[in-house]
Amino acid sequence: MTTQPALAIEDMTAERVLAGDTAGKPTRSRFAMERVNWPGTIVLALCALTVLVPLYVTVTMAFKTQSQAVDGNAFTWPTPWSIEGFTAAWELTNFPRAFTVSLLITVFTVAGTIVLAALAAFAISRNWDHKLFRYSFYYLLAALFLPFPVVALPQIQLTGLTGLDNPAGVIILKIMFGLSFSILLFTAFLRSIPHELEESARIDGASTNQTFWRLIFPLLAPMSATVGIFAFLASWNDFMMPSLIISDPALQTLPVVQNIFQTQFSNNYNVSFASYLMAMAPAIVVYLFTQRWVVEGVTQGAVKG
């Protein structure tokens, strides 16, 4: 009597094998590789080359001597490697001062954008039923279609009249012009955070201020990183706003300083490429270490949990 279940199981296994059922075994179709989208792969490869090739030329030219840089072979490897281009660019552009000005503008811009955008988005998302907050959000979205060049002249006049024709004025304007997009991202992310968390904090006696800084703001870390990266890249690489707002050439940012000394760079390719490489190196390093947060923050804010 005890052997009947075993015999039944053996019979069922035999029937499944005869019927071609191989669910219990790894099949070729299950582990088969997905089809490669060759057209898309080729397009992405070509797009990558448009970035990698200029970057390769920039690096090789920066480490060449002046005689090697003007020999007409931009793709050749520097032999020997030389840092004379970096030394000349460091002294010619007064790199430490320009780098410090760019860094201060970028740091304060990133911090101000994250804090103000998070506060505004929190107020809008939690008071969406009120027309004032809802229309304020629409007003901020409309500001996305108003780029700085359109209002550059009045901004120049206002900063000059108020004594903000300096890096401080650039910081304020960069934060204001970056709020619309940042609030849009934060608002989308806040809608994925359950309201029950805030209700629990209020039951425990937390105020609105405590709820935001101790509960909500830490949860905004992925989106804060995303907003910070966008603000960093926009501020660090900006040329137009500092060149128009800052009146003192000694307080200009790296992109503007490089443009000022463009005539000295025209015949010294190794110096010019070394200067460009030093200017864009911080942005490349920051993006390489934080790029995963861009996708993470955007995808988490795109789906309401």
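How many helices and how many strands does the secondary structure of this protein chain come to? The count is 15 helices and 0 strands, where helices (H or I, at least four residues) and strands (E, at least two) are DSSP runs, numbered from the N terminus. Before I go further, please keep in mind that this is a predicted model, in which local features need pLDDT of at least 70 and side-chain atom pairs count only at pLDDT 80 or more, while totals for chains, interfaces and linings use all residues. Residues are numbered from 1 along each chain as its sequence is written, and side-chain values use heavy atoms, with hydrogens and water left out.

Let me begin with the chain as a whole. It has 305 residues, and 34% of them count as buried, a word that here means under 20% relative accessible area, with exposed meaning over 50% and partly exposed in between, for a 1.4 Å probe and protein chains only. If we take the contacts between residues at least 6 apart in sequence, 73% of them join residues at least 24 apart, a contact being heavy atoms within 4.5 Å.

The largest nonpolar core has 47 residues, and by a nonpolar core I mean a set of buried Ala, Val, Leu, Ile, Met, Phe, Trp, Tyr and Cys residues joined through side-chain atoms within 4.5 Å. At least two residues of this core come from each of H4 (84-92), H5, H8, H10 (208-219), H11, H12, H13 (254-260) and H15 (269-302), and the largest share, 11 residues, is supplied by H5. The residues with the most contacts inside the core are Ile 183, Phe 186, Leu 190, Ile 216 and Leu 220. If we leave out residues up to four places away in sequence, Ile 216 touches Phe 122, Leu 190, Ile 193, Glu 198 and Thr 211.

The whole structure holds 2 of them, each being a side-chain nitrogen of Lys or Arg within 4 Å of a carboxyl oxygen of Asp or Glu. As background, side chains of opposite charge can pair when their charged atoms come close. In one of the bridges, Arg 126 pairs with Glu 198, and their closest N and O atoms are 2.4 Å apart. This pair links distant parts of the chain, since Arg 126 belongs to helix H5 (residues 95-126) and Glu 198 to helix H9 (residues 195-203), 72 residues apart. Arg 126 counts as buried because its relative accessibility is 18%, and Glu 198 counts as buried because its value is 5%.

Lys 174 and Asp 238 form a salt bridge as well, at 3.6 Å from N to O. Here too distant parts of the chain are linked, with Lys 174 in helix H8 (residues 167-190) and Asp 238 in the loop between helix H11 (221-236) and helix H12 (240-245), 64 residues apart. Both Lys 174 and Asp 238 are buried.

Next, consider how H5 packs against H11. Their axes come within 9 Å and cross at roughly 145°, the axes being lines fitted to C-alpha atoms, for helices over the stretch in contact, with angles that run from 0 to 180 degrees between N-to-C directions. Among the residues that make this contact are Phe 99, Thr 106 and Val 110 of H5, and Val 227, Ala 231 and Trp 236 of H11. Ala 231 counts as buried because its relative accessibility is 10%. The C-alpha atoms of Ala 231 and Thr 106 are separated by 7.8 Å, although these residues are 125 residues apart along the chain. With residues up to four places away in sequence set aside, Ala 231 touches Val 110 and Thr 113.

Elsewhere, Phe 86 lies in helix H4 and is buried, because its relative accessible area is 16%. Its C-alpha atom is separated by 8.9 Å from that of Ser 272, 186 residues apart along the chain.

I close with two points about the backbone. Most residues other than glycine have a negative phi, and most peptide bonds are trans. The peptide bond from Thr 79 to Pro 80, however, is cis, with omega near -5°, and Pro 80 is found in the loop between helix H3 (66-69) and H4. Asn 94, which is not a glycine, has a positive phi of about 50° and lies in the loop between H4 and H5.
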